[in-house]
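Subject: Structure for your files

Hello,

Here is the structure I said I would send, with the sequence alongside. My notes on what was found follow below.

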Amino acid sequence: MFKIGHDMLSSSSVGHRHLSVVVFDLSDLPELECIFGVQAAEEIIVQTAARLQRLATRKGLAVRSGATVFTVLLPGVGHDQALNLIGAELGHPCCIELEAGGDEIMLAPEFRVRTVFGHAVSLRETFESLCRDMAQSRLHEERRSKYLARERESYSRPSTLQATKAGSRNMFQIAYPPLAATVLVPTGTC
């Protein structure tokens, strides 16, 4: 990917054009594999790669660059145009709707776009920077979710358990309303 991307960057620099790098992270893929199985996860990967290749067209490149990461290189495409292409192919908000194993699955990948220009740019550094940005964003969202959960919990008080004595030992039991007595009824034919 970096070799082909470097060649794309070099040829786009000669023509004074941009190269947009789009990194998609399907972080839900391991969970989907656990729920729907390996076969379904493989179908999702194949279908996702096909959709991203349509996004890349013949001039670009779409590759699976990690366990849950896909990268699309779009030569001659600026940042805003890349966002428009993503919206046209994957919708607003960005989602990938698939069918795997008879189940309909919708993935909402996280993605980042960076448009680069010139020989001095390292495609590897650009890719790694986009991946770090997504990891930081995910970490920030996890911290935010934990904070909100703790905030909600701080307004609730635990209920007290009612202690009852059963024989000579103390047992904690939850108090339930008394049930009506049952009556034995014969279950034969009359």
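Two strands are taken to pair if DSSP finds at least two bridges between them. On that basis, Val 23 stands opposite Thr 71 in strand 3. Please keep in mind throughout that this is a predicted model.

Overall layout

The chain holds five helices and eight strands. Read from the N terminus, the order of elements is α-β-α-α-β-β-α-β-β-β-α-β-β. Of its 190 residues, 31% count as buried. Among contacts in the chain with a separation of 6 or more, 67% are between residues 24 or more positions apart.

Four strands make up an open sheet, in the order 2-3-1-6, with antiparallel pairing. Strand 2 (61-64) and strand 6 (110-116) are the edge strands, each pairing on one side only. From one strand to the next, the twist averages 15 degrees.

Strand 1 (residues 19-25) and strand 3 (residues 69-75) run antiparallel and are joined by seven bridges. Strand 2 is also antiparallel to strand 3, with four bridges between them. In that pairing, Arg 64 stands opposite Phe 70 in strand 3. Strands 2 and 3 form a hairpin, and four residues lie between them.

Two helices lie across strands of the sheet. Helix 5 (residues 123-154) lies across strand 1, strand 3 and strand 6, at about 145 degrees to strand 6.

The cores

The largest nonpolar core has 24 residues. Within this core, the residues with the most contacts are Phe 24, Leu 52, Val 72, Ile 86 and Leu 107. At least two residues each come from strand 1, helix 2 (29-36), helix 3, strand 3, helix 4 (79-90), strand 4 (96-100) and strand 5 (103-107). Helix 3 gives the largest share, five residues. There is also a second, separate core of 13 residues, which includes Leu 19, Leu 73, Leu 123 and Leu 130.

Apart from neighbours within four places in sequence, Ile 86 is in contact with Val 22, Phe 24, Leu 55, Gly 91, Cys 94, Phe 111 and Val 113.

Val 22, one of those partners, lies in strand 1. Is Val 22 buried or exposed? Its relative accessibility is 0%, so Val 22 counts as buried, the cut-off being under 20%. Leaving aside neighbours within four places in sequence, its contacts are Phe 70, Thr 71, Val 72, Leu 74, Ile 86, Phe 111, Arg 112 and Val 113. The C-alpha atoms of Val 22 and His 79 are 9.5 Å apart in space, while the two residues are 57 apart in sequence.

Helix 2 against helix 3

These two helices pack at an angle of about 140 degrees, and their axes are 7 Å apart. Helix 2 is therefore oblique to helix 3, since angles count as roughly antiparallel over 145 degrees. Helix 2 makes the contact through Leu 29, Leu 32, Glu 33 and Phe 36, and helix 3 through Val 38, Ala 40, Ala 41, Ile 44 and Ile 45. Sorted by type, the residues of this contact are eight nonpolar, no polar and one charged.

Two further residues

Thr 57 lies in the loop between helix 3 and strand 2. Its phi is near 60 degrees, a positive value in a residue other than glycine. Most residues other than glycine have a negative phi. Thr 57 has a relative accessible area of 42%, so it counts as partly exposed; exposed would need over 50%.

Ala 88 is part of helix 4. With a relative accessible area of 67%, Ala 88 is exposed. The C-alpha atoms of Ala 88 and Leu 55 are separated by 8.8 Å, and the two residues are 33 apart along the chain.

Regards

Note on methods
Residues are numbered from 1 along each chain as its sequence is written. This is a predicted model: local features need pLDDT of at least 70, side-chain atom pairs count only at pLDDT 80 or more; totals for chains, interfaces and linings use all residues. Side-chain values use heavy atoms; hydrogens and water are left out. Axes are lines fitted to C-alpha atoms, for helices over the stretch in contact, and angles run from 0 to 180 degrees between N-to-C directions. Contact means heavy atoms within 4.5 Å. A nonpolar core is a set of buried Ala, Val, Leu, Ile, Met, Phe, Trp, Tyr and Cys residues joined through side-chain atoms within 4.5 Å. Buried means under 20% relative accessible area, exposed over 50%, partly exposed in between (1.4 Å probe, protein chains only). Angles under 35 degrees count as roughly parallel, over 145 as roughly antiparallel, 65 to 115 as roughly perpendicular and the rest as oblique. Ala, Val, Leu, Ile, Met, Phe, Trp, Tyr, Cys and Pro count as nonpolar, Asp, Glu, Lys and Arg as charged, and the others, Gly among them, as polar.
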